[in-house]
Amino acid sequence: MKIVHVVHQFSSSPGGGTERVVLALARAMRAAGHELVVVAGTIEGGRADELRETRVDELRVIFLPREDLFFESWEKAWSPSVGERFARVLRELRPDVVHVHHWLRLTTDLVRIARREGVPVLACTLHDYWTQLATPTRPVGMARPEAPPRPRWLNRAELDEAFAAHRLDLLDELRAADLRFAPSVAHAEGVAAFAAGGLGPIEPSPPPLLEVPARRVAHAAPRGRTLVFFGTIYPEKGLELALDALASVGGWRLLVFGECHDPVLDQRLRTRAARFPVEFRGRFTMGDIAAAGADYALIPSLTHESYGLVIDEARCLGIPLIAADLPAYREHADPEASAFFAAGDPGSLAMLLLDEARLAGLREPTPHAVSTATAAQALLAR
């Protein structure tokens, strides 16, 4: 088959979970004998008629740059020029399957364009809440759709109208797909609950394990008091909440692996952490996490995650888990190797860190992950 994956950005060293999943699936599908092309958005602007092409890991990648300003703003998500170029690409490629993973930086009618062009099978994976909330994240405690913070160029009435139009547009887009996937049952249910009028079935499709750790962590007995946080650092990941909890209990060491691309947030975190035994280690591999010898993986997310790849990675490393109590995390964490605290509550995390008996009772987790080949084959079978 000829398969086109569509995603908001793409590179040989992707940082976000969505791009990593797309790269892994594309590699596996190509290895299974299928012809793969990736169509991607880009943060770099360009001309209204421009196509850029490159190779990433021997995959053909076609970029469709936006020609307008502020195109990452959700209220400007639809782009006629991207739509025209996407249709042109489809007419050239004549794919058997188009699988849309994200619309950001591209346009909101990708599935509908592919249907008009006669593509036989149309699929989409909902990796986050952008289609329902106009932002990727759903804060803990949000029980109904709420518009993002108002841009200064919109008044309240304009914001409400634009947000309603965005949701209805994407609802129509998702209904146009033959297959709709989500990384977990919890995320499928969350998106469906927020969708006005119903989407049709959303099938859970767990992502592949993206980087098998080099070795499992060797722990001393009894366990020590070293926590590890790893992943891209931004406010929703809850690192500030972790620092609040550490300020309450003391006696714990925190290793932070990952980059923060917001210099203001980075400086704020480093200033707050200066009083505690916190080490910022920067870029990392799974081998770096294994070599650090941490006793517990800390995942203090403030938003409803669609899956949580770090849980699979921590399980493969053999590190017990201390995590925010979120449905998607509960779904695939090892229950005998995981302790949960109330999401968004630093006091709850502090009380858990003080519960020595609870933490001492956690066993080493068993590895759990879907192999890349298995994940790809499961999608192809649908």
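Ala24, Leu25, Ala28 and Met29 of helix 1 meet Thr372, Ala373, Ala375, Ala376, Leu379 and Leu380 of helix 14, where contact means heavy atoms within 4.5 Å. This is a predicted model, in which local features need pLDDT of at least 70 and side-chain atom pairs count only at pLDDT 80 or more, while totals for chains, interfaces and linings use all residues. Residues are numbered from 1 along each chain as its sequence is written, and side-chain values use heavy atoms, with hydrogens and water left out. Helices (H or I, at least four residues) and strands (E, at least two) are DSSP runs, numbered from the N terminus.

**Helix 1 and helix 14**

- Helix 1 covers residues 17–31 and helix 14 covers residues 372–381; they pack at an angle of about 80°, with their axes 9 Å apart. Axes here are lines fitted to C-alpha atoms, for helices over the stretch in contact, and angles run from 0 to 180 degrees between N-to-C directions.
- The two helices, helix 1 and helix 14, are therefore roughly perpendicular to each other. Angles of 65 to 115 degrees count as roughly perpendicular, under 35 as roughly parallel, over 145 as roughly antiparallel and the rest as oblique.

**Helix 7 and helix 12**

- Helix 7 packs against helix 12 at an angle of about 50°, with the axes 8 Å apart, and the pair is therefore oblique.
- Their crossing is right-handed; that is, the near helix is turned clockwise from the far one by less than a right angle, with anticlockwise being left-handed.
- On the helix 7 side, Leu241, Ala242, Asp244, Ala245, Leu246, Ser248 and Val249 meet Pro346, Leu349, Ala350, Leu353 and Leu354 of helix 12.
- Within helix 7, the residues Leu239, Leu241, Ala242, Leu243, Ala245, Leu246 and Val249 are buried. Buried means under 20% relative accessible area, exposed over 50% and partly exposed in between (1.4 Å probe, protein chains only).

**A closer look at helix 12**

- Helix 12 spans residues 346–354, and Leu349, Ala350, Leu352 and Leu353 are buried in it. Seen down the helix axis, these buried residues fall within an arc of 160°, so they line one face of helix 12; the arc is that of the directions from the helix axis to the C-beta atoms.
- The cover over the buried residues of helix 12 includes helix 7, helix 13 (356–360) and strand 9 (226–230).
- At the start of helix 12, a side-chain oxygen of Asp345 comes to within 2.9 Å of the backbone nitrogen of Gly347.

- Ser184 sits in the loop between strand 7 (179–182) and helix 6 (185–194), and counts as buried at 1% relative accessibility. The Ser184 side chain reaches the backbone oxygen of Ser306 at 2.6 Å. Beyond neighbours within four places in sequence, Ser184 is in contact with Pro204, Ser306, Tyr307, Ala328 and Glu331.
- Arg85 belongs to helix 2 (residues 80–93) and counts as buried, at 0% relative accessibility. Leaving aside neighbours within four places in sequence, the contacts of Arg85 include Arg47, Asp49, Glu50 and Glu67.
- Ala369 lies in the loop between helix 13 and helix 14 and is partly exposed, with a relative accessible area of 33%. Apart from neighbours within four places in sequence, Ala369 is in contact with Leu209 and Asp312.

Conventions:
A polar contact is a pair of N or O atoms within 3.5 Å; within protein, one must be able to donate a hydrogen and the other to accept it, and residues adjacent in sequence count only if both atoms are side-chain atoms.
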